[in-house]
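Please read it with the sequence and the 3D structure at hand.

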Amino acid sequence: MPSVLLTESLAVELGAREPWPQDVKLFQPYEVEQILLPDNANCLAVQAFLKMCGLDFEVEPRSNAEYMSPSGRVPFIKCGAFVVAELDPIISFVSSKGISLSEPLDSAQKADMRAYMSLVNTVLANAELYVTWCDKATLQEVTKPRFGSVLPWPLNHIIAWQKRAQVVRKLGVLGWASKSLDEVYQEVENCCSALAERLENRPYFFGDRPTELDALVFGHLFTVLTTPLPNNRFAATVRGYPNLIDLCKLIEREYFERGADP
């Protein structure tokens, strides 16, 4: 059966018919030399989610992972006959198999969780794109060399500028392209403050067990904390919230066992 792009409705209809395969592949760019902050955050969030669900998968780095993806975004998983890209559709696909981290939550808690996930996707994801592609120092010192590392000259420069134009257009539509760097970091500050207030002194956002929100927050914050940038105000902002740091350390220890200390 050929691979097909799986919509959420199709996932619900077909996904539950088969158990989770043993040979699931998660495709993403190369971590050491290629992947950028926004993609790394998304890939790590999906990895954390699948690990929290206890599902087996193997990371398959590919230099052209973004172009292999049916949505044009990473990561994506190859699960049996189906190809599913990005966190939300992957969550729906896994849920169709009867596996959900947020199943114990009541309806009000689930609505709360979705609202905070929307906040993370709106603020942290856009801030990562802005810093990566709009901050001049980061663009020259980090983004262009890494993004073009797998391409020959002059294609590495051409594709990088095409990608930047695409990102700037997207940020413009969302009202982020016109922000100053200070305004972007203030958005990050406000987002982290809201997350820290919701987390309080609990191990996870909704008690003793992680949910999809914990996986998403971990993916973004851990990546911010561990990605060297020219003037890393991003990480400095996150470090101002000790309970968010503790959340990252807990998830890393429980599900990744990397041994690195953010």
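Pro154 is placed in the loop between α6 (136-147) and α7, where helices (H or I, at least four residues) and strands (E, at least two) are DSSP runs numbered from the N terminus. A cis peptide bond with omega of about 0° links Trp153 to Pro154. The model is a predicted one, in which local features need pLDDT of at least 70 and side-chain atom pairs count only at pLDDT 80 or more, while totals for chains, interfaces and linings use all residues. Residues are numbered from 1 along each chain as its sequence is written, and side-chain values use heavy atoms, with hydrogens and water left out.

**Backbone features**

- Glu86 is not a glycine, yet has a positive phi of about 80°. Glu86 sits in the loop between β5 and α4 and is partly exposed, with a relative accessible area of 24%. Here buried means under 20% relative accessible area, exposed over 50%, and partly exposed in between (1.4 Å probe, protein chains only).
- Glu200, also not a glycine, has a positive phi of about 55°. The residue lies in the loop between α8 (181-199) and α9 and is partly exposed at a relative accessible area of 47%.

**Strands and their pairing**

- Strands β4 (residues 76-79) and β5 pair in the antiparallel sense over 4 bridges; two strands count as paired if DSSP finds at least two bridges between them.
- Within this pairing, Ile77 stands opposite Val84 in β5.
- β4 and β5 form a hairpin with 2 residues between them, and Gly80 in the turn has a positive phi of about 60°.
- Strand β2 (residues 25-28) runs antiparallel to β4 and is joined to β4 by 3 bridges. Lys25 is placed opposite Lys78 in β4.
- In a regular strand, side chains alternate between the two faces of the sheet. From strand β5 (residues 82-85), Phe82 and Val84 point one way and Val83 and Ala85 the other, and all are buried.

**The largest nonpolar core**

- The largest nonpolar core has 77 residues. Such a core is a set of buried Ala, Val, Leu, Ile, Met, Phe, Trp, Tyr and Cys residues joined through side-chain atoms within 4.5 Å.
- α5 gives the most to this core, with 11 residues.
- The residues with the most contacts inside the core are Trp20, Phe49, Leu50, Ile77, Phe205, Phe234 and Leu244.
- Leaving aside neighbours within four places in sequence, Trp20 is in contact (heavy atoms within 4.5 Å) with Leu50, Leu55, Asp56, Ile77, Cys79, Phe93, Val94 and Lys97.

**The largest pocket**

- The largest pocket has a volume of about 770 Å³. On a 1 Å grid over the protein atoms alone, a cavity is a set of points where a 1.4 Å probe fits but cannot get out, whereas a pocket is an open set with protein on both sides within 12 Å along at least five of seven lines. Grid points are joined across faces, edges and corners, and a volume is the space filled by probe spheres set on the points.
- The pocket is lined by 32 residues, a lining residue being one with an atom within 4 Å of a point. Asn42, Arg73, Glu86, Leu129 and Lys170 lie nearest the pocket centre.
- Two or more lining residues come from each of α2 (37-52), α4 (87-95), α5 (107-133), α7 (155-173) and α9 (212-226). The largest share, 7 residues, is supplied by α5.
- By class, the lining has 16 nonpolar, 8 polar and 8 charged residues. Ala, Val, Leu, Ile, Met, Phe, Trp, Tyr, Cys and Pro count as nonpolar, Asp, Glu, Lys and Arg as charged, and the others, Gly among them, as polar.

**Buried loop residues**

- Leu105, in the loop between α4 and α5, counts as buried at 11% relative accessibility. Apart from neighbours within four places in sequence, Leu105 is in contact with Lys110, Met113, Phe206 and Thr211.
- The C-alpha atoms of Leu105 and Asn121 are separated by 21 Å, the two residues being 16 residues apart along the chain.
- Thr227 lies in the loop between α9 and α10 (233-239) and is buried, with a relative accessible area of 15%. Beyond its neighbours within four places in sequence, Thr227 is in contact with Leu37 and Asn232.
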